[in-house]
Each structure stands twice: as C-alpha cells, then as structure tokens.
Amino acid sequence: MGRGLTTEEGIELAVVRSKVTEIVAAGDLQALTATGILNGWGADPLDYKDFHQRFMRLSARLDELTAAKMIVVDDTLPATMGANAATGTDDSGKLYARIDVRAEFVSAANPVSRTVRAIDLMHEVAHTLLEKDAFPVRDYTYRHTWAQGCLARAVGTENADTYAEAAARLAETIEGKPPGYYREIGRLQAQREALRSMPGITVGPAMAWADIVINRAWLRAEDYRDFGRRVDGTVAWSNLVKEWESHPSAQSRLFDIETSLQESKVIGERAGALKVTLSDDDRVTTDALAALFSGIKDALKRLQPILLPAGADLVYDAGADELRIPYGLAATPPLDLGNRIARTMVAASAVPAKLASSRGTLVDLFTTHDRPQERGQVLGIAGQLKEMPAVAPTAADWSRAQVGLDLATLDGLAALWRKFALVAAEPAGLSTQKVEEYRIGLPRGVAVALKALHRLSGQETPADAKRRAGAVRAMVDALVPISARSVTQQPGLSTHYGALAAGLAPYT
C-alpha cells in the first residue's frame with residue numbers, strides 16, 4: 001500500500017485529469033465508431049454502444065477515485081509501469097478499487113507528456129469500472145502486441161487497452177497530431193495489419209492467439225507469485241484449504257496451481273510450526289516462473305514471423321528475434337499454430353533446472369487455472385478461432401505473403417521514425433532519455449530493415465520496389481532532425497547517424 005499524494009502531486013494529477021476529461025468529451029458515439037477499434041474477429045454485430053457508455057464514464061470514475069483518495073503513490077511499482085490499477089475483494093468481502101502510481105507519474109518535471117500519461121491513466125481507470133458487483137474490464141492484449149484489434153468484438157469492449165487506443169486516436173484529432181503520434185505504431189503494428197489483410201494466411205490469427213495465451217499465462221504467473229508469498233497461521237491455512245476445495249474461486253485456482261507444481265516436484269509443501277509458508281528456495285522458483293513468462297511476453301513484441309518456402313519444423317531464434325514458419329505448416333489451423341508458437345517459445349527459453357522437466361506443461365497450467373471471468377472470455381475467443389476455416393495457400397501465395405511482411409516492416413519503421421523526427425523537431429527538443437533511446441534503438445531498426453531488404457532482393461514487383469524505396473527514403477529523411485537535435489547533447493552522434501543513413505542509402 002502506498003502513500004497519499006503531496007500537494008504538488010495532487011496539482012499535477014489534476015492537470016492530467018483535465019486531459020482525460022477533454023479526451024472523454026470528444027468520444028461521442030460517432031467519433032468512437034470512426035476509430036474502428038472494435039473491428040475484430042467474429043460475425044457478432046458491430047455495436048459501439050456498450051463501449052461508448054463505458055468510455056463516457058472514465059472521467060467521472062477518475063474523479064471518484066481521486067476524491068476517495070484512492071490514487072496513491074507506490075514506488076515499488078516496476079520502473080516501466082507508471083500506474084497500475086488494483087481491484088478485488090478485501091478481507092471483509094467488500095469490493096475495492098485503487099490506482100497506484102509512481103511518484104514521477106504525478107510530477108510536473110516528468111518528461112512524458114501529460115497527454116500520454118492521461119491515455120495510460122484511462123487504461124487503468126477502465127479496470128476500475130464497477131458493474132453488477134464486478135470489474136468487467138481486464139487485460140487480454142495490449143496496443144503494442146499481435147492481438148490488438150484482433151479480439152472478438154464483445155471481448156474488445158472488456159479489454160483495457162482498447163480504451164487507451166481509442167483515447168490515443170481521439171487525442172491525435174484534438175491536438176492536430178498526425179496518425180501514430182499517440183497511437184502505437186511501428187514494425188509489429190504494420191506487420192499485424194498486413195497479416196489481417198491476408199485471409200488466405202493463418203499466421204495473423206495464430207500470432208494473435210499466441211499473444212493472448214502468453215499474456216494470460218504471464219498475468220496468472222504474476223498472481224501465483226503473490227500467492228506463493230503469503231504466510232498464514234497453521235489453523236487458518238487448513239481452513240482456507242478446506243474452503244478452496246469445496247468452493248471453487250479465483251483463489252482456489254491459485255491453490256490448484258500450487259498443488260500441480262508440488263505434484264510435479266517443482267516446489268515443496270508449505271511448512272512451519274505456527275505459520276505455514278513456502279521455503280525461500282520455492283519462492284525463488286515462483287519468481288522465476290513469473291520472470292519466464294514476462295520474458296516471453298517481451299520477446300513476442302520483438303518477434304518477426306519469417307515465412308520459409310520449405311521445411312516442416314517451427315523454429316524460434318531468440319537471438320535474431322525471428323519465428324521461422326515453414327510452408328509445411330501453412331495449412332495448420334490458426335488455433336493449433338498459435339498454441340504451437342506459444343509452446344515453442346517456452347521450450348526455447350532458459351529456465352532454472354527445477355522447471356526444465358515441466359516446461360512443456362506450464363502454459364496449460366497457468367491458462368487452465370486462469371481467473372474465472374478471463375478464462376470464460378479466452379475460451380470464447382478460442383471458439384471463434386476454431387470456426388475459422390483451415391486454408392492451404394499455394395507456395396506462391398506463401399512467398400508473396402513474406403514480401404508483404406517485409407514491405408510492412410519497412411513501412412512500420414518509416415512511420416515510427418517519422419514520429420521520432422516530429423518529436424525531435426518540437427521546440428522542447430529531445431530529453432537525455434530520448435537521445436539515448438534513439439541512439440540504441442535506431443541501429444536495431446536499421447538491422448531489421450537491412451534483413452528485410454535482403455529478403456526482398458529479387459522478389460519485388462515494380463510497385464513493391466517503389467514502395468520499398470519510399471519507405472527507406474522516409475527513414476533516411478527522418479534521421480536528419482533526429483541527428484540534429486541529438487548532437488547538441490552528444491556531438492559524436494553525428495558520425496553515428498551518418499553511418500546509419502549510409503547503410504540505408506543504396507536502397508532508396
């Protein structure tokens with residue numbers, strides 16, 4: 001539990017809240033429908049009314065939480081997480097909702113814009129919307145991952161980042177920013193949309209399903225890590241076990257995870273004379289489980305599907321961030337291929353020796369024992385995927401799909417770099433953090449682009465070549481303002497960015 005806000009932090013939060021209010025006010029039914037944010041899988045009617053009603057409540061809900069002093073500072077949150085909603089039932093059986101923030105999130109000195117923080121805050125507030133004694137909005141996928149925009153339509157209204165993405169698009173309109181300034185753009189997003197436009201290729205739905213499965217396994221591993229840290233009196237623990245065995249619940253499912261891990265000899269029994277708890281070694285193991293799925297979740301964001309013309313085995317190359325999918329798997333139903341992708345990534349990930357023998361069962365363990373509400377929704381998504389017809393693309397279609405993915409890579413990188421250039425050209429210039437982020441990130445982007453360009457060689461049509469040259473020119477042009485602003489802090493970066501431009505120049 002964190003601390004209350006200082007006066008200065010309260011003032012800064014009020015400014016961020018005003019941004020939330022402005023965005024919500026712009027989100028009428030017509031504007032939200034125009035975002036296309038719910039255009040996911042399935043044939044269920046595309047109805048934005050429920051989504052609109054929830055979106056309209058975000059500002060008032062944030063005001064309620066602020067007035068109740070349920071926005072608190074907690075610097076134990078990971079540095080990558082500015083804010084996080086906590087909802088549930090307390091020991092007395094009363095529902096609660098709280099949003100924890102890091103101190104810099106409510107600091108006027110924060111280099112992250114207030115609009116960006118408002119969008120992040122709207123994601124968290126969505127989690128706290130209370131309906132019929134439940135909090136319906138959960139995390140099924142995120143804006144920067146493979147499944148965003150691919151959820152079944154009804155599930156999209158109950159996914160927190162759907163609200164954040166809608167807010168980002170509205171904020172761009174409000175502030176006159178180009179598409180992609182606040183919404184998530186880049187290589188993954190471009191490839192995701194390219195795959196959505198290829199109905200004869202099942203890789204898109206398969207990547208989305210793998211994303212959903214790994215995300216749920218990660219969240220449940222995080223839940224179990226917290227469960228594994230609990231310390232209870234011996235009598236109280238015995239009573240809890242009896243209750244869980246007779247009344248299934250979200251907590252009883254965590255106990256089932258623990259029981260399965262004990263049966264597999266991954267962890268030992270809880271022990272203690274007056275209080276029972278897991279051993280220190282077993283707690284290290286529960287931490288490792290959470291870290292395993294956190295790492296795979298991050299790897300999925302970097303992952304590039306590579307469609308190979310031959311072969312039968314799925315290969316995950318963690319060092320290259322590549323998933324090589326052979327033509328021999330082209331006709332695999334998306335649900336089966338997605339499960340295979342998830343398990344392949346787990347199998348290729350480093351784990352402590354204790355987990356090695358059970359590694360193949362971990363995805364199923366955590367997803368089967370998911371929270372009841374989320375489990376039901378995920379099974380519904382699986383059902384819709386099962387209804388997707390299996391397709392068998394020709395070898396030529398498969399090869400052409402890889403060309404589409406490589407061109408999407410270049411388009412996505414160009415769009416992202418144009419955004420970086422816009423940020424660099426703004427009067428405030430670049431923060432030290434941004435200079436370092438670009439110094440490290442842009443060479444990685446060039447390496448990805450050069451691989452795509454190499455694969456495109458000899459495969460392009462004249463239209464492809466024109467598109468490729470335009471994307472690469474946009475990347476080179478974007479380096480000019482980025483370099484100009486960066487060298488004011490680090491003069492040596494002029495040579496650094498010059499080398500990047502030279503590497504790309506032959507492909508313009």
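## Structural report

Arg192 is found in helix 7, which spans residues 187–196. The model is predicted, and in it Arg192 has a relative accessible area of 9% and is therefore buried, since that value falls under the 20% cut-off. Leaving aside residues up to four places away in sequence, Arg192 touches Arg143, Thr145, Trp146 and Gln148.

**The sheet**

Strands of a sheet pair through backbone hydrogen bonds, in either the parallel or the antiparallel sense. Here three strands form an open sheet in the order 1-3-2, and the pairing is mixed. Strand 1 (71–73) and strand 2 (83–89) are the edge strands, each of them pairing on one side only. On average, and with direction ignored, neighbouring strands of this sheet are turned by 30 degrees against each other.

The two pairings, both of which involve strand 3 (residues 95–101), are set out below.

| Strand pair | Sense | Bridges | A bridge partner pair |
|---|---|---|---|
| Strand 1 and strand 3 | parallel | three bridges | Val72 and Asp100 |
| Strand 2 and strand 3 | antiparallel | seven bridges | Gly88 and Tyr96 |

Strand 2 and strand 3 also form a hairpin with five residues between them, and in its turn Gly93 has a positive phi of about 90 degrees. How much of strand 3 is buried? Five of the seven residues of strand 3 are buried, so that the strand is mostly covered. Helix 4 (residues 114–127) lies across strand 2 and strand 3, and runs at about 5 degrees to strand 2.

**A pair of packed helices**

Two packed helices are described by the angle between their axes and by the distance between those axes. For helix 1 (residues 7–26) and helix 6 (residues 160–175), the packing angle is about 95 degrees and the axes are 9 Å apart. Because an angle from 65 to 115 degrees counts as roughly perpendicular, helix 1 is described as roughly perpendicular to helix 6. On the side of helix 1 the contact is made by Lys19, Glu22, Ile23 and Ala26, while helix 6 contributes Ala167, Leu170, Ala171, Ile174 and Glu175. Divided by residue class, the contact of helix 1 with helix 6 holds six nonpolar residues, no polar residues and three charged ones.

Notes: Residues numbered from 1 in each chain as written. Predicted model: local features only at pLDDT ≥ 70, side-chain atom pairs only at ≥ 80, totals over all residues. Heavy atoms only, no water. Pairing = 2+ DSSP bridges. Helix = DSSP H or I, 4+ residues; strand = E, 2+ residues; numbered from the N terminus. Axes fitted to C-alpha atoms, helices over the stretch in contact; angles between N-to-C directions. Contact = heavy atoms within 4.5 Å. Buried < 20%, exposed > 50% of the residue type's maximum accessible area, 1.4 Å probe, protein only. Parallel < 35°, antiparallel > 145°, perpendicular 65-115°, else oblique. Nonpolar A, V, L, I, M, F, W, Y, C, P; charged D, E, K, R; others polar.
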